[in-house]
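Colleague: I would like to go through this model and ask how each label was reached.

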Amino acid sequence: MAEKQTHPRLNFRYFFNTFLICAFPLHLWALLMVFNDLEFIAERTDMWDAVGYAGYALLFVLVESLLLAAIVWGASLLLPRSWSNSRTLLVSGSVFIILAGASIVDMAFFVFPEARISRQYFYGLENFTTLTYGLIFGAVLLAAALAIFLILRTKWGEKAFREVFDRMMLLSYFYLVLDAAGIVIVLLRNLSEKL
């Protein structure tokens, strides 16, 4: 009797690598926002509130990373089984990074509205809404298609993406240490309020 083969991507290591890729842009943006708001919060109340804000932000981005990693991992199960886990991670991860990057750029325009490029973006959204969204969608689609082409059709492209992803995953381990510190801060704040 033949053994039933399991899907090559149904393992913890593959999911964890997907999580590390997804965690990178989310944590990068969250930390930028924490550092952007920290001084304001510390001046408004006190430094312990600012530290608490950072802890809650890290806890939230950890949960968000897990949820988005589950979605990306699930979508990667639809890709051909004949692909190696590494190649599948490069394709699904690069599409996610491009989408996350586009989202971060969009949010940055709202966070830093005084920048000239932000004003131009808002002008385009207000006066040429369909065209602006069409250009954004086209740029994201083109970037994703180019990334997939480079990964699947060129050896140097696949190698370059692998090296970039290895560095992202390494930095994501550092983010996990910060997440652990954030969880400790949240617990300390909640325990101190009850005492």
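**Labels and their grounds**

Colleague: Why is Asn17 called buried?

Modeller: The model is a predicted one. Asn17 has a relative accessibility of 17%, and buried means under 20%, so Asn17 counts as buried.

Colleague: Where does Asn17 lie, and which residues does Asn17 touch?

Modeller: Asn17 lies in helix H1. Leaving out residues up to four places away in sequence, Asn17 touches Leu89 and Met169.

Colleague: What makes H1 and H2 roughly antiparallel?

Modeller: Their axes cross at roughly 155°. Angles over 145 degrees count as roughly antiparallel, and H1 and H2 therefore get that label. The two axes come within 7 Å, and the crossing of H1 past H2 is right-handed.

Colleague: Which classes of residue make up the contact of H1 with H2?

Modeller: That contact has 27 nonpolar, four polar and three charged residues.

Colleague: Which residues of the largest nonpolar core touch the most other members?

Modeller: They are Phe19, Ile21, Phe96, Ile97 and Phe165, in a core of 24 residues. Helices H1 (12-44), H2 (47-76), H3 (85-111) and H6 (155-194) each give two or more residues to this core. H1 gives the most, with eight residues.

Colleague: What is Phe96 in contact with, leaving aside its neighbours within four places in sequence?

Modeller: Phe96 is in contact with Ile21, Cys22, Pro25, Leu68 and Val72.

Key:
Residues are numbered from 1 along each chain as its sequence is written. This is a predicted model: local features need pLDDT of at least 70, side-chain atom pairs count only at pLDDT 80 or more; totals for chains, interfaces and linings use all residues. Side-chain values use heavy atoms; hydrogens and water are left out. A nonpolar core is a set of buried Ala, Val, Leu, Ile, Met, Phe, Trp, Tyr and Cys residues joined through side-chain atoms within 4.5 Å. Buried means under 20% relative accessible area, exposed over 50%, partly exposed in between (1.4 Å probe, protein chains only). Helices (H or I, at least four residues) and strands (E, at least two) are DSSP runs, numbered from the N terminus. Contact means heavy atoms within 4.5 Å. Axes are lines fitted to C-alpha atoms, for helices over the stretch in contact, and angles run from 0 to 180 degrees between N-to-C directions. Angles under 35 degrees count as roughly parallel, over 145 as roughly antiparallel, 65 to 115 as roughly perpendicular and the rest as oblique. A crossing is left-handed if the near helix is turned anticlockwise from the far one by less than a right angle, and right-handed if clockwise. Ala, Val, Leu, Ile, Met, Phe, Trp, Tyr, Cys and Pro count as nonpolar, Asp, Glu, Lys and Arg as charged, and the others, Gly among them, as polar.
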